[in-house]
Amino acid sequence: MISRKTKYALKALMYLARESDRGPVLISEISEEERIPKKFLESILVTLKNQGFLHSRKGKGGGYSLGKPPKEIIVGEVVRLLDGPFAPVPCVSETAYMKCTECNDENACGIRLVMKDVRDAIAGVLLSTTLADMIERVKETGKRNSGISHPKRGATNV
C-alpha cells in the first residue's frame, strides 16, 4: 500500500502536468484543487524538488512546475523515493535487502518465493509507468465513461 504522502505527491505531479502550459503553479492552488493539506504538500513538493522532479520559482509569477517532461517521470521512482522499497518483506528487496532472522534456508522459504513474485509484479508496473501514462489512462477512462449513465444515488438495480 502506498502512503498518503506518495498519493498526494502523485496527485500534485499530475496536476502540475495538466497545468504545465500555464507555467509555475502556487502551492495553495494545488492544495485546494487536489484537496491536499497545504503544510503537508509543502514538504512533499520540497522533497520532489530536491530530487529533480520539480522546479520552483520564488516571487511574483512563482510556484512549482515539473522538472522534466511527464514521459520522463517514472511513477516507481516517486514511490520508491517517498515510501522506500517495493518489497513486502526485506529479504526480497533489491534496494534494502536484509536477511530474515527467523529464516533457516532463504532459498527454500515459501514466503520469500511468493513475496519475490509480489515485489517483481509491483516493480514491473510502477517502473514501466510514467506520469504521462497515468494522465493518458485518466483521459481514456473519462472517454469511456462519458457515454455511461449512472443510477441515481439510493436507486437499486433489480
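This is a predicted model: local features need pLDDT of at least 70, side-chain atom pairs count only at pLDDT 80 or more; totals for chains, interfaces and linings use all residues.
**Stop 1: an aromatic pair.** Start by selecting Y8 and F40. The model has one aromatic pair, and Y8 and F40 form it in an edge-to-face arrangement, with 5.7 Å between the centres and 75 degrees between the planes. Now colour the helices: Y8 sits in helix 1 (residues 4–18) and F40 in helix 3 (residues 38–50), so the pair links distant parts of the chain, 32 residues apart. Y8 is buried, because its relative accessible area of 11% is under 20%. F40, at 31% relative accessibility, counts as partly exposed.

**Stop 2: salt bridges.** There are nine salt bridges in the structure, and a few are worth a visit.

- Select E19 and R22: the closest N and O atoms of this salt bridge are 2.8 Å apart. R22 is partly exposed, with a relative accessible area of 45%.
- Move on to E106 and R112, whose side chains form a salt bridge at 3.8 Å, N to O. Are these two buried or exposed? Both E106 and R112 are buried.

**Stop 3: helix 5.** Finish by selecting residues 110–127, which make up helix 5; K116 and D120 both lie here, four residues apart, about one turn of the helix. Their salt bridge brings the closest N and O atoms to 3.0 Å. K116 is partly exposed at 33% relative accessible area, and D120 is partly exposed at 32%.

Note on methods
Residues are numbered from 1 along each chain as its sequence is written. Side-chain values use heavy atoms; hydrogens and water are left out. Rings of Phe, Tyr and Trp (its six-membered ring) pair if their centres lie within 6.5 Å; planes under 30 degrees apart count as stacked, over 60 as edge-to-face and the rest as tilted. Helices (H or I, at least four residues) and strands (E, at least two) are DSSP runs, numbered from the N terminus. Buried means under 20% relative accessible area, exposed over 50%, partly exposed in between (1.4 Å probe, protein chains only). A salt bridge is a side-chain nitrogen of Lys or Arg within 4 Å of a carboxyl oxygen of Asp or Glu.
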